[in-house]
Amino acid sequence: MGDISKLLKTHIQKAKPYSPTAALRLLKPRAKGSGFIRLQGNELPFGISPKVQQAIIDALPEAHLYPDSSYYDVMKALAEYTGFDAKALVLANGSTQFIDSLYHGFINQGDSVLFIPPDYGPYRIRLRICGGKAQLASRPPPDYNWDFDKVIDAITPETKVVVVVSPNNPCGDCTPEAGLRRLLEKDLLVVVDEAYYEFADSTLVHLVKEYENLIVTRTFAKVFGFAGLRLGYAITTPELAKYLTKVIHHFPVNRLTAAAAVAALKDKEFLEFVRREIRTNRVYLEQELNKIEGVRAFPSQTNFVLAQLSKPGLTSGKIATKLLLRGILIRDYTGKAGLEGEFIRITVGTKEQNKAVVQIIASAFS
Ligand SMILES: Cc1ncc(COP(=O)(O)O)c(C=O)c1O
C-alpha cells in the first residue's frame with residue numbers, strides 16, 4: 001500500500017482530539033491514588049456509594065454474558081426516577097455518546113449546528129469529526145447574559161440543531177425557560193444537556209411533554225460518581241427515543257454499569273447526601289473566592305465554580321501551577337469555551353479540599 005493518508009478524511013485528520021485527562025498521565029503514580037486532589041474534572045469527591053460497589057461485585061460472576069439488550073431493570077428504575085415512561089428514555093455509554101449519535105442521526109453534510117458559548121467544548125469538536133458546520137450565537141462578556149434575540153437571529157435555513165448546556169458548563173447558570181421556548185417554536189431540534197441537573201434548582205425536562213423537538217441528555221457521571229463507569233441517558237418523545245436507539249451502538253452500557261445504575265437509583269440516602277453536601281460546599285467555595293480581591297466567582301448551579309481573575313501578572317496558568325505544586329488539580333479555562341479573560345474552573349470538593357484551594361488562591365492574591 002502506498003500512502004495510507006490518501007484513505008483518511010481530511011477534516012478528521014485536521015481535527016484536534018479532546019483529551020482533558022491526558023496530562024494527568026504525566027503525574028502518575030500520584031494522580032492514580034489519593035495523592036492528588038482532583039478538582040479539575042467535575043468528578044465526585046466521595047466516590048460511588050457502598051451499595052453501588054456491592055452491586056458491581058454481585059454482578060461480576062455474569063460479566064462474561066452480554067447485557068440484556070432492553071436494559072429492562074435500568075429502564076424501569078430510570079422511569080421511576082425521571083417520571084418519564086421507559087419509551088421516552090435512551091441509554092448511552094456516558095452522555096457524551098449522544099453527541100456523535102445526534103450528529104449521525106440529524107446532521108447531513110452542509111447542515112449546521114448552533115452553539116451558544118461559553119459552553120461544553122466536545123459538542124463543537126465532535127461536529128468537526130462528523131462533517132457538520134458550527135454556528136455561534138455567543139453570550140457576551142463580561143457577564144455572559146442570555147440574549148435570545150441574538151440566538152434567534154443566528155438561526156439560518158441550514159440550522160438543524162441547537163445545543164443548550166443547562167446548567168451551563170463552564171458558567172454554571174441555568175437557561176431561562178422563556179428563551180428555550182422561543183427556540184422550541186422553531187423548525188429545528190433542540191438538545192439540552194442537563195449533565196449537572198441534580199445540583200440545580202430547576203430543570204427544563206417538563207418541556208419534553210409539550211414539544212416534539214426536544215432531547216434532554218443527562219449523566220450518571222456527576223451526582224452518582226459514574227465518571228469512570230460511564231452511563232448517560234436521554235429523555236425525549238417516544239418517537240425520537242426510538243430513532244436515537246437505532247443510531248446508538250447496540251449494548252451501549254456494560255453489565256457492571258447497568259447493575260451499578262439500578263443500585264445507585266435505589267440508594268436515595270446517598271443521592272441526598274451528595275446533593276446536600278455539594279450544595280453547601282459550593283456556596284462556601286463561591287463566597288470565599290468572592291472575598292478575594294481580584295477574583296470573581298460566578299454563581300453556580302453545578303458541582304463546580306468558574307472564577308475570573310483580574311490581578312495584573314497573576315494568570316490562570318500561574319494559579320493552576322501554584323495549586324499543582326501543592327497537589328491540587330484545577331482547570332485552567334483561559335482562552336477556552338468562548339470566555340474572554342483569565343479564568344479557572346474548580347470542582348466542588350470536600351470541605352477540607354475547598355478550604356485548601358481557597359487558602360492557596362487567597363495567599364497568591366494577597
Ligand atoms: C455539560 C457536560 N455534558 C456532558 C459531560 C460528560 O458526561 P459523560 O461523562 O456522561 O459523558 C460533561 C462532563 O464534564 C459536561 O460538563
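This is a predicted model: local features need pLDDT of at least 70, side-chain atom pairs count only at pLDDT 80 or more; totals for chains, interfaces and linings use all residues.
Begin by selecting residues 4-46 together with 271-365, which make up domain 1, and colour them apart from residues 50-268, which make up domain 2.

**Where the domains meet.** Next, select the contact region, in which 32 residues of domain 1 are in contact with 29 residues of domain 2. On the domain 1 side, the elements that give two or more residues to this region are α1 (10-14), α10 (268-290) and β10 (304-309), and of these contributions the largest share, 6 residues, comes from α10.

**Around the ligand.** Now centre the view on the ligand and display the 13 residues around it, among which Gly-94, Thr-96, Ala-195, Thr-219 and Ala-221 come nearest. When the shell is coloured by class, it divides into 5 nonpolar, 7 polar and 1 charged.

**A stop at Gln-13.** Finally, select Gln-13, which is found in helix α1. Is Gln-13 buried or exposed? Because Gln-13 has 8 C-beta neighbours inside 10 Å, and 12 or fewer is the cut-off for an exposed residue, Gln-13 counts as exposed. To end the tour, draw a C-alpha to C-alpha distance from Gln-13 to Arg-276: these residues are 263 residues apart in sequence and 45 Å apart in space.

Technical notes:
Residues are numbered from 1 along each chain as its sequence is written. Domain bounds come from an automatic or database domain assignment. Two residues are in contact if their C-beta atoms, placed from the backbone, lie within 7 Å. Helices (H or I, at least four residues) and strands (E, at least two) are DSSP runs, numbered from the N terminus. A residue is near a molecule or strand if its C-beta atom, placed from the backbone, lies within 6 Å of it. Ala, Val, Leu, Ile, Met, Phe, Trp, Tyr, Cys and Pro count as nonpolar, Asp, Glu, Lys and Arg as charged, and the others, Gly among them, as polar. A residue is buried if 20 or more other C-beta atoms lie within 10 Å of its own, exposed if 12 or fewer, and partly exposed in between; C-beta atoms are placed from the backbone.
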